[in-house]
Amino acid sequence: MDELQQRRIAVNESRFRDANQQIAAAVEEFRGSEGDGRFEVMCECAIADCEQMIELGFDEYRHVRSSPIWHVTLPDHVIVAAEDPIERHETYWIIQKRGIGAEITERLS
Amino acid sequence: MGTDDRVEQGLRELLVAYEHLDAAWRRQFDLNANEKLAIIFLGDGISAPSKLAEAIGITTAGMTTLLDRLEQRGLLRREAHPDDGRRVLVTLTKAALRARLEFERVTATMASEAATGDDATIGAFLERAAAVATAHARPHEPGTEHG
């Protein structure tokens, strides 16, 4: 995979992360302390036709956001040439960017 | 052609080009003008239906119909407040965000390919021009005029 592709993937995944941050903030503000604490975020993968959502708890989501180079995806939604799965849960994985993709992802966080 | 004429002509050409771009984008994602605006404003962080209706310039009843259509097509999600069923939170789905990103990709390409090195001046000019256009796009209120 060339550098341009890695950059494009990193930028797209960062956009999905930004949108999820917005969703998380809006849901938390909307619900306050009520509700079961679970909500849907976008799968942050860069697979071209993925339009799927993932249900997470707030604590799980905060854990994903504890590193600027992590993304939450559906299981197997990994671009193996640019990222590594570091946590495999039943309904979602956490992937870690590497190389130029990690640099861009961190810079855009 | 003087500088003023050139700016005016450039703006006209840009607006016409935008019309074509906008039409092509809406055709690609099968969106009408208000549906497109809803996706843009939702992406900007407006998540209450009443505020969306105000931003787009339609009634709250019209907003409900519009949100129904977008929800049926999987472009947004609605969540009722746990204690107050009248309050609703609207958020975009990944499908809608992909559509929005496609539009932003074009504007990013425009910005990079048309860059002249004087981004601050051009950016400020475009922001002011957009503000003037927005003011003219709003319905006239009694006793107000757009000069």
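1. Buried denotes 20 or more other C-beta atoms within 10 Å of a residue's own, with C-beta atoms placed from the backbone. Strands (E, at least two residues) and helices (H or I, at least four) are DSSP runs numbered from the N terminus. In a regular strand, side chains alternate between the two faces of the sheet.

2. The model is predicted: local features need pLDDT of at least 70 and side-chain atom pairs count only at pLDDT 80 or more, while totals for chains, interfaces and linings use all residues. Residues are numbered from 1 along each chain as its sequence is written, and chains are lettered from A and ligands numbered from 1 in the order in which they are written.

3. Strand 2 of chain A runs antiparallel to strand 1 of chain A, and five bridges join them; strands pair if DSSP finds at least two bridges between them. Ile54(A) is the bridge partner of Val41(A).

4. Val41(A) and Leu76(B) have the most contacts inside the largest nonpolar core, which has 43 residues. Such a core is a set of buried Ala, Val, Leu, Ile, Met, Phe, Trp, Tyr and Cys residues joined through C-beta atoms within 7 Å. Helix 1 of chain A (residues 3-31) supplies the largest share of this core, eight residues.

5. Between the chains, 19 residues of chain A are in contact with 15 residues of chain B, contact meaning C-beta atoms, placed from the backbone, within 7 Å. Helix 1 of chain A gives the most to the side of chain A that touches chain B, with 10 residues.

Notes. Buried ≥ 20, exposed ≤ 12 C-beta atoms within 10 Å, placed from the backbone. Contact = placed C-beta atoms within 7 Å.
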